[in-house]
Amino acid sequence: MKAVILAVWENASGGDPTSPGNASSRSAAGHSCRYLESLVSVGIHRAEIVVGYKQEMIRAAVEQDACGVNVTFLVNEQFHRGSISSLWIARTALDDDTIVMDADVLFSIREILRRLCRRPLRMRC
């Protein structure tokens with residue numbers, strides 16, 4: 001099992017995306033690292049992180065400490081188009097049991113991951 005993390009940080013707050021005080025720029029790296037720690041806690045050690053806006057901050061934080069997760073970065077140059085365009089960039093990574101996470105959304109990561117990994121959903125067509 002692996003994860004795809006959509007971490008483009010497109011400035012959902014509507015303010016100036018280049019402002020040093022922008023919430024996205026302050027928290028992008030921290031959220032990505034918290035997600036990686038949570039993945040390891042449920043035995044997931046592979047992740048594709050889709051980056052866009054402020055990608056250098058996310059890359060630097062993850063490269064400093066990936067928490068034991070084998071991370072590959074994918075770049076969404078059209079990040080302003082939203083999360084669905086980031087998912088499109090990651091479509092080739094969806095070749096295994098995969099958990100897709102939107103790093104813009106904060107939730108009780110570990111508990112939800114535990115529940116998802118305990119009973120993986122099987123899609124039937």
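Four parallel-paired strands make up an open sheet, in the order E3-E2-E1-E4. The model is a predicted one. Helix H2 (residues 55-64) lies across three of these strands, E1, E2 and E3, and the largest nonpolar core has 22 residues.

- From one strand to the next, the twist averages 20 degrees.
- Strand E1 (residues 2-7) and strand E2 (residues 46-51) run parallel and are joined by five bridges.
- Within this pairing, Ala 7 stands opposite Val 51 in E2.
- Strands of a sheet pair through backbone hydrogen bonds, in either a parallel or an antiparallel way.
- Helix H2 runs at about 170 degrees to E3.

**The nonpolar cores**

- In the largest nonpolar core, the residues with the most contacts inside it are Ile 5, Leu 36, Leu 39, Ile 49, Val 62, Val 71 and Met 101.
- Two or more residues of this core come from each of E1, helix H1 (23-41), E2, H2, E3 and E4.
- Another core, of seven residues, lies apart from the largest one; Val 4, Val 8, Leu 74 and Ala 93 are among its members.
- In soluble globular proteins, nonpolar side chains tend to be buried together.
- Leu 39 is in contact with Ala 3, Ile 5, Ile 44, Ala 47, Met 101 and Leu 113, leaving aside neighbours within four places in sequence.

- The side chain of Asn 76 reaches the backbone nitrogen of Gln 78 at 2.8 Å.
- A polar contact at 3.0 Å links the side chain of Asn 76 to the side chain of Ser 85.
- Beyond its neighbours within four places in sequence, Asn 76 is in contact with several residues, including Val 8, Val 50, Val 51, Gly 52 and Ile 89.
- Ser 85 belongs to helix H3 and, at 15% relative accessibility, also counts as buried.
- Not counting residues up to four places away in sequence, Ser 85 touches Asn 76 and Gln 78.

Key:
Residues numbered from 1 in each chain as written. Predicted model: local features only at pLDDT ≥ 70, side-chain atom pairs only at ≥ 80, totals over all residues. Heavy atoms only, no water. Polar contact = N/O pair within 3.5 Å; in protein donor to acceptor, adjacent residues only side chain to side chain. Contact = heavy atoms within 4.5 Å. Pairing = 2+ DSSP bridges. Axes fitted to C-alpha atoms, helices over the stretch in contact; angles between N-to-C directions. Buried < 20%, exposed > 50% of the residue type's maximum accessible area, 1.4 Å probe, protein only. Core = buried A, V, L, I, M, F, W, Y, C linked by side-chain atoms within 4.5 Å.
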